[in-house]
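Subject: Structure handover

Hello,

Here is the structure for you to look at. My notes follow below it.

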Amino acid sequence: MTRKIRVLVAKPGLDGHDRGAKVVAAALRDAGMEVIYTGLHQTPEMVVAAALQEDVDAIGLSVHSGAHLTLFRKVLGLMRDKGLNDVLLTGGGIIPQKDRDALSAEGVGRLFGPGTPLKDLAEYITTEVANRRPLV
Amino acid sequence: MTPSELAAGVMSGDRRILARALSIVERGGGAAEGFLDALWPRPGTARRIGVTGPPGAGKSSLVNVLVREARLRGLSVAVLAIDPSSPFSGGALLGDRVRMVEHALDAGVFIRSQASRLALGGLAETTYDMVEVLDAGGFDLVIVETVGVGQSELEIVRLADMTAIVLAPAMGDMVQAMKSGIVEIGDIVVVNKGDLPGAAQFRDEIVAAFGMTVEAGGVSRVDSVVLVSAATGDGVPALLERIRSTSPEVVELRRRGSALRRLDMAVASALAGLRQCEEATRLLHDFAPKVQAGRLPIRVAVRDIVVAALRSRPEGGLR
Ligand SMILES: Nc1nc2c(ncn2[C@@H]2O[C@H](COP(=O)(O)OP(=O)(O)O)[C@@H](O)[C@H]2O)c(=O)[nH]1
Ligand SMILES: [Mg+2]
């Protein structure tokens, strides 16, 4: 029997609403995952501390503030500091292709633009997590 | 990591290892048992507190302020927050942390969310073991938050040293709360949202209703009803004191009761596992025609099946 995938969904940064993050969280739940939702205004430190305590397989960040380069880099750096090397960091927002390429070269997973079918996100997380942390 | 390395890591206070160990226990099976055995004899000394009540009563908010109070007193706290799994997808949306973000960066606080994984059963057993692991992690308090509906949640509450039932006036329906039976199993009824109009009156209704329960010879453990507000913090210091002042004798009694329940649950799962083992199933089919034909007394068949199942020590049986 395969185990449940645990994902932390967070909305870092200062921008206002978390509707998008909640929709993503619900979609991942509907795809059979256990989603830990931490809410708005999370600092990178808070995100990584929660990910560690929850022993998640993946962290999904919703970033619409334009600060994606800083935020993803900071979170990834903290994940490495804490030894969360087998945890997938992914997410979404309005992120130009060249920034996605840059982040992916540094070790961030795929980043999804607005309007991506949520099914694709769930499939991506499932596949990618299976590569990092055995599901059976 | 070997089970004993894992156990040593948990006991040394390594939070990453603690988090991993909780996942292993949650998943169950041989790995969980190997680890739990390595953790023995039980090292922890935490006070175990159950917080339950209907959705929206303010359990997570109350836990948040209880943790705040505990931290002011220098106590370290682990929180296990349980929410139901979706019966449709088997997934879960676990949002209790949202109410507790103020503790996100406090090294003296460890918060873990758990989905009830309805279909898999055994929630109370798993939760009990996870509490043992958190206890071994060296916390002064372990708080378990669970929605007060359903048998397995009630079972979880029975495993705590003491339990607060959280109700709120806005949810109104006290009759419902009484009917569901959750009120009877608590030690304290907490009327939360004391900042809202009608809260004090609601408290009085509960007090009156409790009088009735006790008069009717009910087995209520509840000996107090307190009014608090998680929003303003009113009444919370007193509540924490009330929780902490549970006498060692009462705690000892609870521990004995919960050990009995835990053991009983474990025996029940072991027996269920035995029944499902291949050898037992094979013999069942083998013996049935013989019993039917009157060639094999049923008691002999039962004995042979049980003995064979025990000998075969199946995966999922007596591990
Ligand atoms: N006015 C008021 N609202 C509260 C209080 N405690 C919690 N709430 C609100 O009640 C709702 C449910 O709270 P939550 O802690 O998530 O409840 P739970 O489902 O029992 O864990 C949230 O909107 C809280 O802000 C309180 O003391 N006063
Ligand atoms: Mg809650």
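**Chain A against chain B**

Glu54(A) and Arg97(B) form a salt bridge, with their closest N and O atoms 2.6 Å apart. A salt bridge here is a side-chain nitrogen of Lys or Arg within 4 Å of a carboxyl oxygen of Asp or Glu. Between chain A and chain B the count is 5 salt bridges.

First, the ground rules. This is a predicted model, in which local features need pLDDT of at least 70, side-chain atom pairs count only at pLDDT 80 or more, and totals for chains, interfaces and linings use all residues. Residues are numbered from 1 along each chain as its sequence is written, chains are lettered from A and ligands numbered from 1 in the order in which they are written, and side-chain values use heavy atoms, with hydrogens and water left out.

Back to the interface. 33 residues of chain A are in contact with 28 residues of chain B (contact means heavy atoms within 4.5 Å). The two chains bury about 2,400 Å² between them, 51% of it on carbon and sulfur atoms. Buried area is the accessible area (1.4 Å probe) that two parts lose on being put together, summed over both.

There are also 17 residue pairs in polar contact between chain A and chain B, both residues at pLDDT 80 or more. A polar contact is a pair of N or O atoms within 3.5 Å; within protein, one must be able to donate a hydrogen and the other to accept it, and residues adjacent in sequence count only if both atoms are side-chain atoms.

Which element gives the most to the side of chain A that touches chain B? It is α2(A), with 7 residues. Helices (H or I, at least four residues) and strands (E, at least two) are DSSP runs, numbered from the N terminus.

An open sheet of 6 strands runs β5(A)-β4(A)-β3(A)-β1(A)-β2(A)-β3(B), with parallel pairing. Its edge strands are β5 (111-112) of chain A and β3 of chain B, each pairing on one side only. Two strands pair if DSSP finds at least two bridges between them.

β2(A) pairs with β3(B) (residues 92-94) over 3 bridges, in the parallel sense. There, Glu34(A) has Ala92(B) as its bridge partner. β2(A) also pairs with β1(A) (residues 6-10), again parallel, over 4 bridges. Val9(A) stands opposite Tyr37(A) in β2(A).

**Ligand 1**

17 residues surround ligand 1, each with a heavy atom within 4 Å of it. The closest are Gly56(B), Lys59(B), Ser61(B), Arg99(B) and Asp195(B). A side-chain N or O atom of Lys59(B) is 2.7 Å from a ligand oxygen. For Lys193(B), a polar side-chain atom lies 2.9 Å from an oxygen of ligand 1. For Ser229(B), the distance is 3.3 Å, again from a polar side-chain atom to a ligand oxygen.

**Inside chain A**

Over all chains the count is 33 salt bridges. One of them joins Asp55(A) and Arg133(A), at 2.8 Å from N to O. Asp55(A) lies in the loop between α2 and β3 (58-63) of chain A and Arg133(A) in the segment after α5 (118-132), so the pair ties together parts that are 78 residues apart in sequence.

Best wishes
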